[in-house]
Amino acid sequence: MKTFSRALLVAAVACLPLAAAAQDIKERTIKFAFQNQKGHPQAEGAQKFADLVAQKSGNKITVKLFPGGTLGGDLQTVSALQGGTVEMTVLNAGILTAQVKEFAVFDLPFLFASPQEADAVTDGAFGKNLLAKLNEKGLVGLGYWELGFRNLTNSKRPINKVEDIAGLKIRVIQSPIYIDMFNALGAAATPMPFPELYPALEQKAVDGQENPFTLIRTSKFYEVQKYLAVTRHVYNPQAVILSKKFFDALSPAEKKIVTDAVTEATAYQRQLSRQQAEEALAELKKAGMQVTEFAPAEMQRLRDKVKPVVDKHTAAIGEDTVKAVYAEIAKVRK
């Protein structure tokens, strides 16, 4: 009898931490807003995160997804996070330049040669230090997903050489580097929130846009764009960020649930993104898009054309930051 009672007591004590942790998890809702549609790796990563949070919290914490820019463009969503009316988003890291100028380093043309280089930089000390700078801006950065390499589409003509870009009105994200980059190539860069892009293409308000293959497919840009040039001019890491007001109100147990879920969802999202990029290109060809690739010499001309943009923004970002990121990339390439 004593043995039985002692066993019960040991079991009860062992359960105390679990019970305490369960009490630290409250009924909560996380509004997770982002720009892409269901089926895109960004949206699938968000769904994976939502599933993981539900599982880890015993369904106490609910993640409500708002895809397709339904709560506004990226800049509007960041403002909502700072105000505490939206809890979470994922967006191109370069867009956070308005909060922390050093994030613009990720938008430098031809910075990364592969996704693996980007992973090493963002997962390492360099990427973590940048996320930490968001705290004083009312934001908490928990990691990086990927959008992938950006490529150029338009409705007017195939692009086989640098000169073919001249004169095209190209929608770009609301970032000074993108504006300068496409102006340097002779295009008329037109910054515009993503939710406005499809109708602008459809109505010929702009001739083209630049985005990764997966986004071109899921957004059905092939319906209003005929020509696709494989330029791979920028690789987009995407920052996963939360409202600091919301995050600071979480218990340690709740914070662990959220951060662990982001880490697991990151591995899933990246793998899916890379797999879908190849599939998307094949589907875009099948959908009727004419795809062109630059010869190596022409790619070098493209890099040379935008080098003054790199030099200009290196001064704005900070030479130490730019040197640091190139040093990290050099380590990976060795």
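The model is predicted: local features need pLDDT of at least 70, side-chain atom pairs count only at pLDDT 80 or more, and totals for chains, interfaces and linings use all residues. Residues are numbered from 1 along each chain as its sequence is written, and side-chain values use heavy atoms, with hydrogens and water left out.

**Aromatic pairs**

- A pair of aromatic rings is described by the distance of the centres and the angle of the planes.
- Rings of Phe, Tyr and Trp (its six-membered ring) pair if their centres lie within 6.5 Å; planes under 30 degrees apart count as stacked, over 60 as edge-to-face and the rest as tilted.
- By this rule, the count is eleven aromatic pairs.
- F32 and F49 are edge-to-face, because their ring centres are 5.8 Å apart and their planes stand at 85°.
- This pair links distant parts of the chain, with F32 in strand β1 and F49 in helix α2, 17 residues apart; helices (H or I, at least four residues) and strands (E, at least two) are DSSP runs, numbered from the N terminus.
- F32 is buried, with a relative accessible area of 0%.
- Y198 and F221 are stacked, at 6.4 Å centre to centre and 25° between the planes.
- Y198 belongs to helix α7 (residues 197-202), whereas F221 lies in the loop between α8 (213-218) and β9 (227-230), 23 residues apart.
- Y198 is partly exposed at 22% relative accessible area, while F221 is buried at 2%.
- One aromatic cluster is formed by F103, F106, F112, F126, Y144, F149 and Y235.

**Charges over rings**

- A charge sits over a ring if NZ of Lys or CZ of Arg is within 6 Å of the ring centre and within 35 degrees of the ring normal.
- K48 lies over the face of Y268, at 5.1 Å from the ring centre.
- R303 lies over the face of F110, at 5.1 Å from the ring centre.

**Sheet**

- Five strands form an open sheet in the order β2-β1-β3-β10-β4, with mixed pairing; two strands pair if DSSP finds at least two bridges between them.
- The edge strands, β2 (61-66) and β4 (139-149), each pair on one side only.
- β4 and β10 (residues 235-243) run antiparallel and are joined by nine bridges.
- Across from E146 stands P237 in β10.

Technical notes. Buried means under 20% relative accessible area, exposed over 50%, partly exposed in between (1.4 Å probe, protein chains only).
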